[in-house]
Amino acid sequence: MAKALICDLDGTLFDTYPEIYAAVAAAARGLGLELAADEQAARGFMGGGLSRFAKRVLTGEMDGEPDPEDHERLFKRAQLEYKHLLLSRNSLYDGVPETLRDLREEGWQLAIATNKLEMFTRPLLECFLGDIDFACVRCRDSQPQAKPDPAMVHDILARLGLAPVQALFVGDTLVDVATARAAGVRMIGVSYGYHLGEDARELGADHLIDDFAELLPLVRRLVPAGK
Ligand SMILES: O=C(O)COP(=O)(O)O
């Protein structure tokens, strides 16, 4: 059976949070803006992309709407700061390249569905996962709707010519759980990322792994070879 693994990026493949927070904090300092959430508190604000993250750290609230001008200035400057920090260290989680390589060898097509902007996603993939063949990469600005709208996943499945039942989604946030559920794709949560922890099952993930390398035995169990 043709099969695909759709991967979230931040908090699932890469631990990008330290650089993202540092970029926003540097931008705020440069603009003389006060942030309402420190690095520890803002971790849970990940998942909606950089623009939404900037709104959340300015207000200290998940659904906060800051002054639009402050937000625009912070978002723009944070993009510049993040460009410098993006590739400053290899932020891949343990086991990611090996596991993705093994999955490819076992016939899995790989795709990315991220709320990260394309100008940050592509260099990260090229620099640290350059030898992995991703059949499809969809980012926040690749389409009108961000996750948790299922459009990104629908688009990936259409491009690969697959039905939802032929795919698995792996991600770390509530946004990812909601996306997979809306798309009708089975969801594997990772406990080490930014939201799910031990609550993943309660929150709707079908399976939970504590380490990316656990993915290989799990998907072998879920989709036996030849099926
Ligand atoms: O950076 C974010 O907030 C979202 O990115 P993700 O969709 O890859 O988790």
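I began at glycine 47, where a polar backbone atom lies 2.8 Å from an oxygen atom of the ligand. I note that this model is predicted.

Next I looked at side chains. In aspartate 10, a side-chain N or O atom is 2.4 Å from a ligand oxygen. In threonine 114, a side-chain N or O atom is 2.6 Å from an oxygen atom of the ligand. I then looked up how much of the ligand is covered. The ligand taken alone exposes 280 Å², and the protein buries 97% of that.

Where does the ligand sit? I found that the space it takes is the largest cavity.

I listed the residues around the ligand. Asp8, Leu9 and Asp10 are among them. Also included are Met46, Gly47, Gly48 and Gly49.

Then I turned to the whole chain. It is divided into domain 1 (4–15 + 91–222) and domain 2 (17–85). Which domains supply the shell around the ligand? Domain 1 and domain 2 each give at least three residues.

Last, I checked how the domains are placed. Their C-alpha centres lie 24 Å apart. I also looked up the contacts between them: 13 residues of domain 1 are in contact with 15 residues of domain 2.

Definitions and conventions: Residues numbered from 1 in each chain as written. Predicted model: local features only at pLDDT ≥ 70, side-chain atom pairs only at ≥ 80, totals over all residues. Heavy atoms only, no water. Near = heavy atom within 4 Å. Polar contact = N/O pair within 3.5 Å; in protein donor to acceptor, adjacent residues only side chain to side chain. Areas by Shrake-Rupley, 256 points an atom, 1.4 Å probe, with all protein chains shown as cover. 1 Å grid on protein atoms, 1.4 Å probe; cavity = no way out; pocket = protein on both sides within 12 Å on 5 of 7 lines; lining within 4 Å. Sits in = over half its atoms within 2 Å of the grid points. Domains from an automatic or database assignment. Contact = heavy atoms within 4.5 Å.
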